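Here are my notes on the model. Please read them with the structure open.

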Amino acid sequence: MPDVAGRPELLVLRALKLGDLLVAVPALKALRREYPEHRIRYAAQEWLRPILPLTGAVDDLLPLHGLDVPIPLEPGQIDVAVNLHGSGPESCSRIEALQPRRRIGHAGPGWDGPPWKDGVHERERWAGLLSWHGIPADPLDYRLDPPSAAENAPEAVVIHVGAAYGSRLWPADRFADVARELDAAGSPILFTGSRSERQRALAVADAAGLGAECVVAGELRLDEFAAVISRSRLVISADTGAAHLASAYARPSVVLFGPAPVSEWGPPPGPHIALTDGSRRRGDTFATDPDPALLAVTVEDVLAAVEKLEAL
């Protein structure tokens, strides 16, 4: 079952977003060690392609936007298929259709593996899955390689104003208040976000009394975004890919949590502080309004966390 270069193929299914990729890095690195001769392909959204080389574990991306369509590969082409997407019938059936020689996943109808457990941290979940299958994996092996663009990245306080869902959007006026205070203290500020979040970033910058030159939201490729994070003095972000990049490069970070529990998605040990109020958590990831656990985090909470990190 070799590809055109004569290498057997290993497919990892995780058709999700940036943060989902970054918590799976320990598992990807374990697969690279276990299968050094295989061509490892990561099935996910195309926009993630620039970040994959930084894992040191993936050879190529197979574009796949969710599970609504079959994986575009011929049956028998894949030697080893790994389900890091989930354990439900959709992801399992997509892999079964490929007829790989070996399947790695959680226990389910026709699948051998560990039972799915709720309440497990994502890094530990996927590292544990591989370890169960005889592939040693360390959940703390999550670091990324330095991006080549890092030399030109500014050393700034990065304030990432966006999030994929409204449930994770900390109010813009609070981001502006934090930025204003940090700017007054002499910290250079850089606002990041996606192209769709650029107007929000510009509005936050304006409310903080800062110019558009501080806003790079929507202007960076994903590897350039990683470079900015890797050189930052500090990252302030909701529970998004920006926060996971800060962990991957051991940059001090203040992470604001809403619907997701810190115990399952929080940063690893290091210069990171997670802020939330779990007693108020509604837990609806797809809600259009901020989760009460996120709204419970105040400007004063964030500034106090920043002061604590700067004192380390």
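1. Start with Ser 91. Leaving aside neighbours within four places in sequence, Ser 91 is in contact (heavy atoms within 4.5 Å) with Leu 13, Leu 67, Asn 83, His 85 and Gly 86. Ser 91 counts as buried because its relative accessibility is 3%; buried means under 20% relative accessible area, exposed over 50%, partly exposed in between, with a 1.4 Å probe and protein chains only. A polar atom of the Ser 91 side chain lies 3.3 Å from the backbone oxygen of Gly 88.

2. Ground rules. This is a predicted model: local features need pLDDT of at least 70, side-chain atom pairs count only at pLDDT 80 or more, and totals for chains, interfaces and linings use all residues. Residues are numbered from 1 along each chain as its sequence is written, and side-chain values use heavy atoms, with hydrogens and water left out.

3. Ser 91 is found in helix H3. Helices (H or I, at least four residues) and strands (E, at least two) are DSSP runs, numbered from the N terminus. H3 (residues 89–96) lies across strand S1 (9–13), strand S4 (80–83) and S5. H3 runs at about 175 degrees to S4; axes are lines fitted to C-alpha atoms, for helices over the stretch in contact, and angles run from 0 to 180 degrees between N-to-C directions.

4. The open sheet has five strands, in the order S3-S2-S1-S4-S5, with parallel pairing. Two strands pair if DSSP finds at least two bridges between them. S3 (60–63) and S5 (102–104) are the edge strands, each with a single partner, so one side of each has no neighbour in the sheet. The twist averages 20 degrees from one strand to the next. S2 (residues 39–44) pairs with S3 over four bridges. There, Arg 41 stands opposite Asp 60.

5. Which residues of H5 are buried? They are Phe 175, Ala 176, Val 178, Ala 179 and Leu 182. Seen down the H5 axis, the buried residues fall within an arc of 165 degrees (directions from the axis to the C-beta atoms), so they line one face of the helix. Their cover includes strand S6 (157–160), helix H6 (198–207) and helix H11 (299–310).

6. Check the backbone at three places. Gln 99, in the loop between H3 and S5, has phi near 55 degrees, positive in a residue other than glycine. Gln 99 counts as exposed, at 55% relative accessibility. Ala 250 also has phi near 55 degrees, and is partly exposed at 28%.

Conventions
Polar contact = N/O pair within 3.5 Å; in protein donor to acceptor, adjacent residues only side chain to side chain.
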